[in-house]
Amino acid sequence: YFQHKKFYKFSENIPSPPSFGLLGHAPYFLGKNEQGRLEMLHQLCLEQKTYTKLWLGPAIMWMIVNDPKTIQKILLSPVCLEKPFFYKFLRLENGLISAKYDVWKIHRKALNYSFNLRILQTFIPIFVDNAQKLINDISVNLGKKKQFDLLPYATKTALNMICGTSFGLDIKNVDSSLIGDDVFHALEKLNKIISARSHSFLLYSEPIYRMTNYYRDEMQVRKVCYSSADRLITAKRETLSPDFDFNANSDLIEKHVIQKYMNKEKSVDDDMPTRKIFIDHVICNDTKFTDSEIRDHVYTVVAAGSETTALQSSHTIMLLATHPEIQERVVAEIKEVFYSDEVEMSYDNLVKLEYLERVIKESLRLCPVVPIIGRETQATMKLDEFEIPAGITFIINFYTLHRRPDIWGDDAEEFNPDHFLPEHVEKRHPYSFLPFSGGQRNCIGYRYAMIALKVLLVYLLRKYKFSTTMTYKDLRFRTDINLKLCTEHSVSIELRQ
Ligand code: HEM
């Protein structure tokens, strides 16, 4: 009671749209689908420049922050590193995304190492193998009149990439019970359930939620995901045993990873021989993670790393298919840098693809696959004229931030990679563009994602010309946990010369 009274008092001076008594602002969202809720939130955020307050019923208040300067203060604040209650719906107590601050800070320090640039560069051959497999898989659609949905192909590719780079496993060859279609569908269903829960304020209460079919379904699909994570860990532990025979199991293990193990070369900044990939760090770390911590980390990386990369690459292809002239400019640049098959797909060569980088950034601006995040104050915080009490939930809406005309100009809604020309970037506040969030609790995989996206797009675009009967204006978005298209990613392909 006292806390709510404190929140009411504090929130009195924060602007908000008109509210509806005890229901607060909930009626703005009631009865709307995932697209309608996103569009409504976008409208409400656009109307206010700095802060907006939303009461979702009598007990839950969100303070939405809209301008880059204030967002920067929040993301860099040492008392704003906690995640709000709704991250608990993920039920990953120890996974970086939702862990409580005290757990997070120890685990993040231990895991940062496995995402450093030197290690990420060693993943490029794994990205290349998977990109080649993807262009091969979609070739069945060549010459067909009917368009096909690119996303399921991209999702499998991104999942294979994570398994190769994070676990050293070649899942094309491992027993399909390790990560099979059932896990793939379970992850999808789990996203839907968590999203349905986070959009229904009544289900925020755990006792009420436990009485629903959602809870029963959630427990069923979690069983599938957790047992797959457990099997991955067991398979991995076997490979770490001194008696493990890499030659006898060469089908199971990613071939690039085998080479590293077989070479047994010592790494420069770590005296553990070749212990470079994520799972080795989790299992063999000095922090000594427990089994349930290991499981949460494995599950978090699969969930955070695969759907995001798959969606972002598919969104980018849709943007290029609806803008053929930009697609051709990207291809011209790719052909210039990779002028023959002999040119290595190295990090240094990928960096030369400046226009492609602008295209990816523009896709991350218009379609940030993680569109909304939350933070909670751990102690009283001074923010402009406000004294913000502990326990306040901040919501940062990247989807709207990236489309504000006052930041991006009159063509904020258009797909224009020139938004990222250096002369335009330097005029904007650095926190105007935050697809990977910012501050200490930003995306640990942002460099991984950028390299993986570049490799995928290079392979897709130099092999095929993508087209679609949809127009840019037909691309409508919705959010479950991530930002998705309301339609399929429908494209046709033609071979390039
Ligand atoms: C286009 C691709 C991606 C985008 C746009 C993206 C975006 C984000 C964002 C916005 C956050 C902050 C979430 C929050 O505060 O609630 C985040 C966190 C995180 N991401 Fe990513 N991500 C991407 C790919 C990846 C990949 C490939 C991995 C792993 C290989 C990954 C692993 C993580 C993890 C573990 C966190 C939690 C970090 C922490 O709290 O310390 N992400 N991501």
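**Close-up views of a predicted model**

**View 1. Arg-403 and Glu-413 meet between loops.** The closest N and O atoms of this salt bridge are 2.6 Å apart. Arg-403 comes from the loop between helix H17 (398–401) and helix H18 (405–408), and Glu-413 from the loop between H18 and helix H19 (422–425), so the contact ties together parts that are ten residues apart in sequence. Arg-403 is buried at a relative accessible area of 6%, whereas Glu-413 is partly exposed at 39%.

**View 2. Salt bridges with shared partners build a network.** Here we return to Glu-218 and Arg-222, which are joined with Arg-91, Arg-197, Glu-206 and Arg-210 into one network. The structure holds 19 salt bridges.

**View 3. Lys-73 and Asp-384 link distant parts of the chain.** Their side chains form a salt bridge of 2.9 Å, N to O. Lys-73 belongs to helix H3 (residues 68–76), and Asp-384 to the loop between strand E7 (381–383) and E8, 311 residues apart. Both ends count as partly exposed: Lys-73 has 37% relative accessibility, and Asp-384 has 35%.

**View 4. Tyr-51 and Phe-386 pack edge-to-face.** A search of the whole structure finds 22 aromatic pairs. In this one the ring centres are 5.2 Å apart and the planes stand at 90 degrees, so the pair is edge-to-face. Tyr-51 lies in strand E1 (residues 51–56) and Phe-386 in strand E8 (residues 386–388), so parts that are 335 residues apart in sequence are tied together.

View 5. Phe-85 is partly exposed, at 27% relative accessible area, while Phe-89 is buried, at 5%. Ring pairs also bring Trp-62, Phe-86, Tyr-87, Phe-201 and Tyr-204 into the cluster with them.

**View 6. Two arginines lie over aromatic faces.** Arg-295 lies over the face of Tyr-226, 4.1 Å from the ring centre. Arg-365 takes up a place over the face of Trp-408, at 5.0 Å from the ring centre.

**View 7. Strand E13 pairs with E3 and E10.** Strand E3 (residues 148–149) pairs with strand E13 (residues 490–495) in the antiparallel sense, over two bridges. Look for Phe-148 opposite Val-491. Strand E10 (residues 464–467) also runs antiparallel to E13 and is joined to E13 by four bridges. In that pairing, Ser-467 stands opposite Ser-492.

**View 8. A nonpolar patch lies on the surface.** Leu-202, Ile-208 and Met-211 form this patch, and together they have about 350 Å² of accessible area. Ile-208 is part of helix H9 (residues 206–210) and is partly exposed, with a relative accessible area of 35%.

Technical notes:
Residues numbered from 1 in each chain as written. Predicted model: local features only at pLDDT ≥ 70, side-chain atom pairs only at ≥ 80, totals over all residues. Heavy atoms only, no water. Pairing = 2+ DSSP bridges. Patch = residues over 30% accessible without salt bridge, like charges linked within 9 Å, V, L, I, M, F, W, Y side chains within 5 Å. Areas by Shrake-Rupley, 256 points an atom, 1.4 Å probe, with all protein chains shown as cover. Salt bridge = Lys/Arg side-chain N within 4 Å of Asp/Glu carboxyl O. Buried < 20%, exposed > 50% of the residue type's maximum accessible area, 1.4 Å probe, protein only. Phe/Tyr/Trp six-rings, centres within 6.5 Å; stacked < 30°, edge-to-face > 60°. Lys NZ or Arg CZ within 6 Å of the ring centre and 35° of its normal.
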